[in-house]
Amino acid sequence: MYLYFLSYKCLNRVWTVLYTEMEAEKLRYLEDKAHELRHLTLDMCIRAKTGHVTSSFSAVEILTALYNGKILRKDPKNPRWEDRDRFILSKGQASPILYTTLTDNGYFPKSWLRTFNTANGHFGVHLQCDVPGVEYTTGSLGHGLGIGNGVALAAKKNSRDYKTFVLLGDAELQEGSCWEAAMLSSTLKLDNLIAIVDRNGYGVLCRTEESAALNPLDKKFAAYGWEPRVINGHSFEEIFKSLEDARTRNKGVPLVVIANTIKGKGLPSWQNVALRHGTAPTNGEVDQIIDELSAGCRYSNGKKCPLYGFDDLDKWKCPRWDCQK
Amino acid sequence: MGLPKMNNNVAMRNIFWDRIYEHARQDKNVMLVCADMGAPALDKFRRDMPDQYINVGIAEHSMVALAAGLTREGKNVYTYAIAPFATSRCHEFIKLNCGLMKLPIKIVGIGPGFGYEDSGPTHHTTEDISIMRPIPNLEIYSPCDSVCATAIADLTYKSGKPAYIRLDRQILPIIYKEGTDFTKGFEELKKSNGGTLIVSTGNMVHVAIEAANKITSEDLSPGIVDIYRIKPLNSEALTDVLFNYNRVITLEEHMLDGGLGSLIAETIMDNDIPVIQRRMGLRDYIYAYGGRKNIQKACGIDVDSVIKVIEQ
C-alpha cells in the first residue's frame, strides 16, 4: 500500500514537472512568435511607409494567444467554415498585426505582405473583409461590438456553438455606438460574446482620460450588465486565464476582458507617444527602431534583426536561430 | 383624361408588413429588427414570431450593426424606424455594411417627406433620397400605393441586395392593379400628347394625378410617370419615354439638392434628351403646421402650384 502511494506520488510529480515544462515551452513559443509577428509587422509597415504600428503592437500578445495559442477554433484552409469562431477586429487600424497573424496561420501566402498598400496589393491601411480570414471591413470605429451582437445572436438562433470575439480599441469606446451595443448584448444575454478591450490608454492626440475619460472602465461594463475581467494584455498567462472558460460560460452574461496594454509595446522610444499613432518609421528612424525591436528578442545577443527580403518572402522565417549561433 | 382611383383604408406600411409577416411564417430566416417603432401589423409579427423580432430600443446604430451581423450569418433582415432615424441617423453604418460589405439588409423608413406632418422638423425627411443614392450597391424603393408596396415586399424578400424602402405613413389611394409587374422600376401611368410630363415618386404621385385631373384643356393635360424604384433607375426605358415629351416637371416632397429632380436632370443630360426640365421641390427647408397639404402649399409643391407650372 505504501509503495503504491509512493509510486502514485512519483508519477504525479513527474506529470507536474512535465506539465509545467510543457506550459513553459508553450509560453516560450508564444513569446517568440509575438516577437516574430512584431518584426514582420514592422518590416511590412517600413516597406509600405505607412500603417498603424503602435496600435498593432499593443495587441500582438492578444492576437498571438487567440490564433497561435489556439484559443480560436479555426480552419485556415476553409476560412468560411461554419463552425469557426468569429473574430471581429473592431479597431480596424490594427490591420497590420491581423494580416501578419493570418499569414502566419496559413490563411494566405506571406508574399501578400509585400504588396501592403501598393497598386496591385491585396490590402491597405484599414481592414478589408475580402481578405481570407477577415470577417468584416472595419476602420471606422464603433461598429464591431454591434455587429458582434448580431453574429452571437445568430449563433443562438441557428443553434451553433461558435463563439464571437470582438477586439475593441479603448479610444474606440468613446464612440456612443459601442455603448448602444453593450446594453443590447446583456439584454440579449449573449454569453457567447467575448469583447476584449485593448486598453493602451491612447487615442490619436492624447490619453483617453484627457479627451473623454473612460475610467472606471470595468465598472462601466459591469453597470451595462457585462462581466468584466481586468488583465495585463501582454501576459500570455493572464490572457489564457481570462479566457479559459470562454467556451463553457452559459449564465447569460457577456464577457469583457479589459487588457491593459502599452501602445507601441516593444519599441521603447515610441511607446506611449501619442503622435506616433498611424505612422511607420521613416528613413532616418528605421535603424534605431529595428535596434529597439531586436533588443526585445531573447536570441539577438545584441545583433540587429535584419529586414526581410522581398523576393523570398514565402520562405522567410524569423532569423532568431541565426542569432543563436 | 382621369385616372382610376380605388378606395383604400389601409396604410402601405401595414400592407407591407403583412406581406413580410407571410414570408416570415414560412421562412425562419426572416427577421425584423426595429428601433422601438411599431405598427399595427407588427403587433401580430411580435406576438406570433417573437424569435424573429428584435427591438433594440431607441438605438439606430445598434439596429443596423445587429442586422449586419445577423445578415452575414444567413438571416434575411428588415430594419425599421421613422425615416430620418432609419437613414441619416445611422448613415455611415449603412454605408459600411450595405455599401462596402454589400450585406443585403433591407432598411425600411416610415414617413419620408412630410409624412409626420405635425411632428415637426425632427421627423420630416426631406433629404433621404439624396443621401442614400450615393451608397454603392443599395437599391432604393419608393412606392406610391399598397399594391406597389406589396410587390416591393416580395422583391426585396427574394433579393440578395441591400435596399432602402421608403414607405409613406398616410393612407393613400390605390393606383395600380393587382398583379402589375414591378420589375421595370417606373410606370408611365398616363400618356399625353400635350408635351408635358410630370415625373414623381411616392405620395407626390397622387398630387401629380390630382393636378392632372384638374386640367381641363386636352392640349395641356400632362403625362405622369411614377418612379417607384429610384435606384437602380431604369434610365434606358425612361429615356425612351422622355423623348416623347417637350417638357418634364419633376415633383418631389424633398430637397432639390440631389433628389428626384437631380436624378432626372442627370438622366436627361447623360442621354442627350432634348427636353426642358422644371424642378418642383424644396429649394430650402421650411415647415408649417396645420397638415401636410398646408406644408406642401408653403413649399410650393401643392396641387395648385403644379397646375400653375403646367399652365406656364
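Modeller: Start with burial: a residue is buried if 20 or more other C-beta atoms, placed from the backbone, lie within 10 Å of its own, exposed if 12 or fewer, and partly exposed in between. This is a predicted model, where local features need pLDDT of at least 70, side-chain atom pairs count only at pLDDT 80 or more, and totals for chains, interfaces and linings use all residues. Residues are numbered from 1 along each chain as its sequence is written, and chains are lettered from A in the order in which they are written.

Colleague: What makes helix α4 of chain A largely enclosed by the rest of the structure?

Modeller: Nine of the 10 residues of this helix, 95–104, are buried, so it is largely enclosed. Among the buried residues are A:S95, A:I97, A:Y99 and A:L102. After α4(A) comes A:G106, with a positive phi near 90°. Helices here are DSSP runs of H or I, at least four residues, and strands are runs of E, at least two, numbered from the N terminus.

Colleague: Why are α3(A) and α9(A) called oblique to each other?

Modeller: Their axes, α3 at residues 60–67 and α9 at 236–243, come within 10 Å and cross at roughly 55°. Axes are lines fitted to C-alpha atoms, for helices over the stretch in contact, and angles run from 0 to 180 degrees between N-to-C directions. Under 35 degrees is roughly parallel, over 145 roughly antiparallel, 65 to 115 roughly perpendicular, and the rest oblique. The pair is therefore oblique.

Colleague: Which residues make the contact of these two helices?

Modeller: α3(A) brings A:E61, A:I62 and A:A65, and α9(A) brings A:F236, A:I239 and A:F240. Contact means C-beta atoms, placed from the backbone, within 7 Å.

Colleague: How do the residues of that contact divide by class?

Modeller: Five are nonpolar, none polar and one charged. Nonpolar covers Ala, Val, Leu, Ile, Met, Phe, Trp, Tyr, Cys and Pro; charged covers Asp, Glu, Lys and Arg; the others, Gly among them, are polar.

Colleague: Which helix gives the most to the side of chain A that touches chain B?

Modeller: α5(A), with nine residues. Overall, 19 residues of chain A are in contact with 19 of chain B. The chain A side has eight nonpolar, nine polar and two charged residues.

Colleague: Which domains does chain B have?

Modeller: Domain 1 is 12–167 and domain 2 is 186–307. Such bounds come from an automatic or database domain assignment. Their centres, taken over C-alpha atoms, are 26 Å apart.
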